[in-house]
Amino acid sequence: VDAKMEEAMLETQAAMLEAEAARWKKDVDTKYEQAQKIAAAKKVLKAAFIQMKEEDLDDAAVDAKMEEAMLETQAAMLEAEAARWKKDVDTKYEQAQKIAAAKKVLKAAFIQMKEEDLDDA
């Protein structure tokens, strides 16, 4: 009888230990699954962070392209304005040459008139 009771007690303790081991294993498995989920989430977050950084770089590249286009537009406008100024200067220079030529003609005509007046006198 004592041996049977001892055996029953040992079996009960073994069953209790098995149940506790099963709970620990379940707890470990749960913690392992959580760790895997956290690791997967970290990978997703890291990928999202890298993508955001790349998008920031893309945005910076777009901003640089826009800045470059603005500067090119300003340069083209300045070149057009410089061309207008050059044309204006060239036109004024041509007018000045025509005026100088006309003055020479008038001066020559005036001198000729004076000489004719002297001849008449």
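Glu54, Glu55, Asp56, Asp58, Asp59, Asp63 and Glu67 gather in a patch of negative charge on the surface. A patch here takes residues with over 30% relative accessible area and no salt bridge, joining like charges within 9 Å and nonpolar side chains (Val, Leu, Ile, Met, Phe, Trp, Tyr) within 5 Å. Asp and Glu count as negative, Lys and Arg as positive, and His and the chain ends are not counted. The place of a charge is NZ of Lys, CZ of Arg, CG of Asp or CD of Glu.

This is a predicted model, in which local features need pLDDT of at least 70 and side-chain atom pairs count only at pLDDT 80 or more, while totals for chains, interfaces and linings use all residues. Residues are numbered from 1 along each chain as its sequence is written, and side-chain values use heavy atoms, with hydrogens and water left out.

One member of the negative patch, Asp58, lies in helix α1. Helices are DSSP runs of H or I with at least four residues, strands are runs of E with at least two, and both are numbered from the N terminus. Asp58 has a relative accessible area of 49%, so it is partly exposed. On this scale buried means under 20% relative accessible area, exposed means over 50%, and partly exposed is in between, with a 1.4 Å probe and protein chains only.

There is also a nonpolar patch on the surface: Phe49, Ile50 and Met52, with about 300 Å² of accessible area together. Accessible areas come from the Shrake-Rupley method with a 1.4 Å probe, and for residues only the protein chains shown count as cover. Phe49 sits in helix α1, which covers residues 2–120. Its relative accessibility is 48%, so Phe49 counts as partly exposed.

Next, the overall fold. The protein has one helix and zero strands. Its radius of gyration is 51 Å, well over the 14 Å that the globule rule gives for 121 residues, so the protein is more spread out than a compact globule. That radius is taken over C-alpha atoms, and the rule is 2.2 Å times the number of residues to the power 0.38. Along the principal axes, the C-alpha atoms fill a box of roughly 175 × 10 × 5 Å.

From Ala108 to Glu6 the separation is 102 residues along the chain and 150 Å between C-alpha atoms. Asp29 is partly exposed because its relative accessibility is 31%; Ala108 is partly exposed as well, at 44%.

How much of the protein is buried? Of its 121 residues, 0% count as buried. The protein exposes about 11600 Å², and carbon and sulfur atoms supply 64% of that area.

On to charge pairing. Side chains of opposite charge can pair when their charged atoms come close. How many salt bridges does a search of the whole structure find? There are four, a salt bridge being a side-chain nitrogen of Lys or Arg within 4 Å of a carboxyl oxygen of Asp or Glu.

Among them is the pair of Asp27 and Lys31, whose closest N and O atoms are 3.5 Å apart. These two are four residues apart in helix α1, so about one helical turn separates them. Asp27 has a relative accessible area of 38%, which means that it is partly exposed.

Lys86 and Asp90 meet in another, at 2.9 Å from N to O. Lys86 counts as exposed because its relative accessibility is 53%, whereas Asp90, at 34%, is partly exposed.

Asp88 forms a salt bridge with Lys92, with 3.4 Å between the closest N and O atoms. Again the spacing is four residues in helix α1, about one helical turn. Asp88 is partly exposed, at 38% relative accessible area.

Last, the charge totals. The protein has 20 positive and 28 negative charges, and their mean positions are 2 Å apart.
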